[in-house]
Amino acid sequence: MSTGPNEQAFQNVRKLISDVCQQMNIAEMCRVRLMECERELTVHFPVKMDDGEVKVFSGFRVVHSDSRGPAKGGIRYHPDVTLDEVRALAALMSLKTAVVNVPYGGAKGAVVCNPKTLSQGELERLTRRYAAEIAILMGPESDIPAPDVGTNPQIMAWIMDTYSTGRGYSVPAVVTGKPLEIGGSKGRFEATGRGCTVSALLATKHLGVNPREATVVVQGCGNVGATAAELLAGEGCRVIAISDSKGGVYNPKGLDLEGLLAKKKEIGSVIGFRNAETVTNAELLELKCDILVVAALEHALVKANAPSVKARIIVEGANGPTTPDANKILCDKGIFIAPDILANAGGVIVSYLEWVQGLQSFFWDEAEVNNYLRKLMTNAFAEVLHISQHDKVDMRTAAYMSALRKLAAAMTIRGVFP
Ligand code: NAD
């Protein structure tokens with residue numbers, strides 16, 4: 001797992017985009033455009049801290065592509081985030097929105113900060129100033145942020161309020177992942193974990209694995225990982241291990257998830273949970289299981305640990321958790337991978353549904369949202385699996401092919417201005 005500056009991330013995504021474009025004979029004018037991000041904004045802005053000191057923070061907002069619709073992507077607050085990483089995540093968003101067929105492009109934003117060390121007041125002032133700085137890009141028809149690592153619905157509410165104040169009227173559709181009280185969608189909070197669960201179940205069906213006999217290991221006990229663990233347990237799977245940044249817990253007979261998640265809420269970690277042995281983050285990834293959900297940060301699976309992975313199915317809840325080297329090793333071992341741009345697209349799907357509901361000022365019940373999510377995920381999974389089997393390529397390449405075909409079609413039809 002990379003914790004330091006990651007200057008390789010965008011290069012990895014660019015190489016895959018370029019290779020797949022060439023493999024598919026996609027027009028050169030599309031390939032070269034997709035290799036770059038369309039817009040990149042870096043901001044350095046002051047924030048008054050509680051002790052009266054003024055600190056300068058750096059932030060980014062990058063739009064990779066808006067060929068298929070308004071740019072869409074989360075905002076990350078993390079001390080190690082870099083512009084390069086934001087570029088990579090923005091490009092993954094363009095691919096993700098295309099693979100699941102929602103009419104959006106791709107973007108990503110970030111502020112270099114550790115939200116855990118900021119007070120609520122500092123977090124609000126930082127967020128509002130960052131929102132004001134990137135407002136020139138934002139808009140319900142141009143670029144629509146959402147939560148990512150280190151941000152949450154409250155932060156989206158502050159962004160929406162700051163943007164609306166600048167306009168002089170309320171613009172709820174400028175962000176998604178908002179609290180329900182100001183136009184959020186039911187089911188949005190669990191959407192990414194739910195999408196991972198749908199992907200995992202479709203993968204078990206494809207491989208003839210009975211979910212009721214399947215064991216599950218989850219890396220990351222946040223929004224995505226904890227939700228996927230709970231929903232998979234609800235489907236009858238046995239969740240045997242889960243981790244957070246401090247380490248993991250393991251019980252081959254199955255974890256008491258309800259108690260574990262309550263404990264995590266109380267003390268901020270899964271470590272020390274009763275009836276389970278402690279494992280390191282490295283050991284957790286190498287546990288024998290049917291389904292491994294990687295739902296922490298980038299580069300969890302790398303060349304060094306890929307040969308030791310014993311899962312049958314890997315579901316990429318996180319963005320970019322597998323390096324290209326590791327992907328090859330895992331595919332050669334016959335492990336079925338539901339790749340990030342497919343497996344974790346549940347969040348952007350329900351973000352899209354939130355945006356649609358907001359624009360219509362007509363809100364749906366949770367069952368309707370979840371049904372739509374399941375339908376879009378299932379269609380996308382079937383399309384990617386079909387490409388993988390028909391063209392004899394791994395699932396990641398197939399997902400890129402599905403996405404790049406749609407992106408190239410949109411770019412070709414729109415043409416080049418002027
Ligand atoms: P989160 O902050 O809620 O949770 C992240 C979890 O990972 C935390 O429990 C943290 O302790 C843990 N973690 C960090 N480093 C770890 C390590 N080395 N080993 C094990 N665990 C570690 O974030 P999230 O919203 O759940 O996002 C997780 C991943 O999913 C990110 O890559 C994010 O980009 C991706 N993602 C999130 C969404 C969404 O809707 N939240 C959508 C698509 C993709």
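Helix axes here are lines fitted to C-alpha atoms over the stretch in contact, and angles run from 0 to 180 degrees between N-to-C directions. Helices (H or I, at least four residues) and strands (E, at least two) are DSSP runs, numbered from the N terminus.

Now the ground rules. This is a predicted model, where local features need pLDDT of at least 70 and side-chain atom pairs count only at pLDDT 80 or more, while totals for chains, interfaces and linings use all residues. Residues are numbered from 1 along each chain as its sequence is written, and side-chain values use heavy atoms, with hydrogens and water left out.

Let's start with a helix pair. Helix α1 covers residues 9–23, and helix α14 covers residues 395–414. Their axes come within 10 Å and cross at roughly 70°. So α1 and α14 count as roughly perpendicular. On that scale, under 35 degrees is roughly parallel, over 145 roughly antiparallel, 65 to 115 roughly perpendicular, and the rest oblique.

Which residues of α1 and α14 meet? From α1 we have Val13, Leu16, Ile17, Val20, Cys21 and Gln23. From α14 we have Arg396, Thr397, Tyr400, Met401 and Leu404. Contact means heavy atoms within 4.5 Å. By class, the α1–α14 contact has eight nonpolar, two polar and one charged residues. Ala, Val, Leu, Ile, Met, Phe, Trp, Tyr, Cys and Pro count as nonpolar; Asp, Glu, Lys and Arg count as charged; the others, Gly among them, count as polar.

Next, domains. The protein chain is divided into domain 1 (5–17 + 25–175) and domain 2 (191–343). Those bounds come from an automatic or database domain assignment. The C-alpha centres of domain 1 and domain 2 lie 27 Å apart. Domain 1 gives 13 residues to the contact, and domain 2 gives nine residues.

On to charges. How many salt bridges does a search of the whole structure find? It finds 22. A salt bridge needs a side-chain nitrogen of Lys or Arg within 4 Å of a carboxyl oxygen of Asp or Glu.

One is Asp50 with Arg125, with the closest N and O atoms 2.8 Å apart. This pair links distant parts of the chain, 75 residues apart. Asp50 is in the loop between β1 (39–48) and β2 (54–65), and Arg125 is in helix α4 (residues 120–134). Asp50 is partly exposed, at 48% relative accessibility. Arg125 is partly exposed too, with a relative accessible area of 35%. The cut-offs: buried is under 20% relative accessible area, exposed is over 50%, and partly exposed is in between, with a 1.4 Å probe and protein chains only.

Another is Lys108 with Asp148, at 3.4 Å, N to O. Lys108 lies in strand β4 (residues 106–112), and Asp148 in the loop between β5 (143–147) and α5 (153–167), so the bridge ties together parts 40 residues apart in sequence. Are Lys108 and Asp148 buried or exposed? Both Lys108 and Asp148 are buried. They also belong to a network of salt bridges that links Arg76, Glu85, Lys108, Asp148 and Glu298.

The next pair is Asp244 with Lys264, at 3.2 Å, N to O. Asp244 sits in strand β7 (residues 238–244) and Lys264 in helix α8 (residues 257–267), 20 residues apart. Asp244 is buried, at 8% relative accessible area.

Now some backbone points. The peptide bond from Phe417 to Pro418 is cis, with omega near 0°. Pro418 lies in the segment after α14. Then positive phi in residues other than glycine. Asn25 has phi near 55°. Asn25 is in the loop between α1 and α2 (28–34), and it is exposed at 70% relative accessibility. Asn275 has a positive phi of about 60°. Asn275 is in the loop between α8 and β9 (277–279), and it is exposed at 63% relative accessible area.

Last, a couple of buried side chains. Val348 is in helix α12 (residues 346–360). Val348 counts as buried at 8% relative accessibility. Leaving out residues up to four places away in sequence, Val348 touches Lys72, Met93, Lys96, Thr97, Val100 and Tyr104.

Leu118 is in the loop between β4 and α4. Leu118 is buried, at 14% relative accessible area. With residues up to four places away again left out, Leu118 touches Met49, Phe57, Cys113, Leu123 and Leu126. Leu118 and Asp50 are 68 residues apart in sequence and 9.2 Å apart in space, C-alpha to C-alpha.
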